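Please read the following note with the sequence and the model open beside it. The points are numbered so that each can be checked in turn.

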Amino acid sequence: MSVENSEERVDAITESGANSLAVRYGEAFAAHLAEGGESGLGAAYDLGRKAVVEQLGAIDLTEAHHQALQVALARASTDRHDKVIRAAAEFLREALSTFEIAARGYHEVQQTARIEHEHVEQLRALADASVAINSTLSAEEILQLTADAAREVIGARRASVAIMHTEPRRPPLSATSPPGLSDGEANPARLSVTLRAHGQDLGALEVVDVPGRVFSPREDAILTQLGQLSSVAIANARLYGRERTIARTLQRSLRPGELPEVPGLAAAVRFHPAGEGVELGGDFYDLYRARDGGWAALIGDIQGKGPEAAAATALARHTLRAAATYEHRPSGVLSLLHKELREQLGDGRFCTVAYAYMQVVPGHVRLELACGGHPLPMVLHRDGTVEEVGRLGTLLGSDADPLLADVVIELDNGDVIVFYTDGVTEVRRDRREIFGSDQLAALLATCGGLAPDQIAERVEQAVLEASQGRLRDDVAILVLGPEPVPVGEAVILPAAE
């Protein structure tokens, strides 16, 4: 048979198949319009599958669709044409889906698609791991995330990572994924990369799989990328850890630890730095012996955060202690602090301080109080009433000369005075005040008869709950009051000066 005759026969067979397809397509489409539902779409899919088997093309299927649609439109009323056209489009899409599947069915295309899909999934997993690792500040957590990511991205049975400890003679830090899983087989396939940061070797990352597996260059490159981002995160975590240790050490040095025992005085303090403790805050408090047998109690807040605020805090605390040795008037002590801040700080930084000079006898405390721009303390009386005490003076360290006043306050048996910083009364969420001065006063009104430590605990918990544990400013609370005097004992009041 000649080539021409062979081609003519193939064309004839194809034309016959196309005509048969048109008939079947028209019948199936008419049934779909009549019945609707998924069964009709199933018939469309079957038509496409049979067209592929019969080696018909998408053009043949489209022509059959066009003929069926013309017949359907001719039979349908005008108001149903839109519905018929939409149903036809849905029917055709289902029929053509088989051709798309067939096109992807060739071995070479399938293999390429599989490889590309795996690569995309690996890169997506690597990106997810990068986000998780870089949002973690603990070296131990970074190691575990790295091991888990390596096992997932490479598709290995096991992954492990280990780095040298920063302290000499300490064992390396390590993590495995899954935790505690051994190799399980002799001579497993291994792929490893070295972790390096700032020109120094930190450790190694390794994945392990069944014997005989050959890791591809692409998998080597992906594991290397994971090792690089892990190395940077570990280096940053170590740097952050050192900064946090320095910051916490400085913070401890800038405020007293336990309050001293003062005969006849009950005292309690609570302090919470905002954030993670790396940014040094400016809140401080103190309680110490002053001149003429009295005691000084104070609480203050330096503007800003960071090393500059820390330096100003140290200057304020030491100046106040030095001034208290030869000046007992609170306004005089704060005036000296104002002068020192103006002379020593050239950045215009200011601070607020509530300072009290106290004379303590059993069952009674006499305070002389001055407030330099600081929130006024609150006194909780034994009957549950609450009042602000003192007079609000000007900021210390500002350009203006300070206006300060001394106010005498008498605390009897059962009374307490509560000093606090603005981190207590400026708890906000979505620009709304959640816990402020009114809320503090209302809370204190429920604390009548409680000891200073119990009151400080209640205020602390209220602030932490209101802020949901995310403090935006340091919180300092200092509560003082006379120790209770047993019934029947006389109370000797200090002589007025």
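Are D286 and R317 buried or exposed? The first point takes this up, after a word on the basis of the note. This is a predicted model, in which local features need pLDDT of at least 70 and side-chain atom pairs count only at pLDDT 80 or more, while totals for chains, interfaces and linings use all residues. Residues are numbered from 1 along each chain as its sequence is written, and side-chain values use heavy atoms, with hydrogens and water left out.

1. D286 and its partners. D286 is buried, and R317 is buried as well, where buried means under 20% relative accessible area, exposed over 50% and partly exposed in between (1.4 Å probe, protein chains only). D286 and R317 form a salt bridge whose closest N and O atoms are 3.1 Å apart, a salt bridge being a side-chain nitrogen of Lys or Arg within 4 Å of a carboxyl oxygen of Asp or Glu. This pair links distant parts of the chain, since D286 lies in strand β6 (residues 283–289) and R317 in helix α8 (residues 307–323), 31 residues apart. Helices (H or I, at least four residues) and strands (E, at least two) are DSSP runs, numbered from the N terminus. D286 also forms a salt bridge with R321, with the closest N and O atoms 3.0 Å apart; here, too, distant parts of the chain are linked, R321 being in helix α8 and D286 in strand β6, 35 residues apart. D286 counts as buried because its relative accessibility is 1%, whereas R321, with a relative accessible area of 35%, is partly exposed.

2. Salt bridges elsewhere. A search of the whole structure finds 16 salt bridges. One of them joins E457 to R270, with the closest N and O atoms 3.0 Å apart, and this pair connects distant parts of the chain, with E457 in helix α12 and R270 in strand β5, 187 residues apart. E457 is partly exposed, at a relative accessible area of 32%, while R270 is buried, at 14%. R270, D453, E457 and E460 are linked in a network of salt bridges.

3. The buried side of α11. In helix α11 (residues 437–444), L440, L443 and L444 are buried. They lie on the same side of α11 because they cover an arc of only 95° around the axis, the arc being that of the directions from the helix axis to the C-beta atoms. Among the elements covering these buried residues are β13 (416–420), β15 (432–435) and α12 (452–466), with contact meaning heavy atoms within 4.5 Å.

4. Strands β1, β3 and β4. Strand β1 (residues 158–163) runs antiparallel to strand β4 (residues 200–209), and six bridges join them; I163 has G203 as its bridge partner in β4. Strand β3 (residues 189–197) pairs with β4 in the antiparallel sense over nine bridges, and R190 stands opposite V208 in β4. β3 and β4 form a hairpin with two residues between them, and H198 in the turn has a positive phi of about 55°.

5. Cysteines. A search of the whole structure finds zero disulfides, a disulfide being a pair of cysteine sulfur atoms within 2.5 Å. C351 counts as buried, at 0% relative accessibility, and C447 likewise counts as buried, at 0%.

6. The surroundings of P402. P402 is placed in the loop between β11 and β12 (407–412). P402 and K339 are 63 residues apart in sequence and 9.4 Å apart in space, C-alpha to C-alpha. With neighbours within four places in sequence left aside, P402 is in contact with S335, H338, T394 and L396.

Note on methods. Two strands pair if DSSP finds at least two bridges between them.
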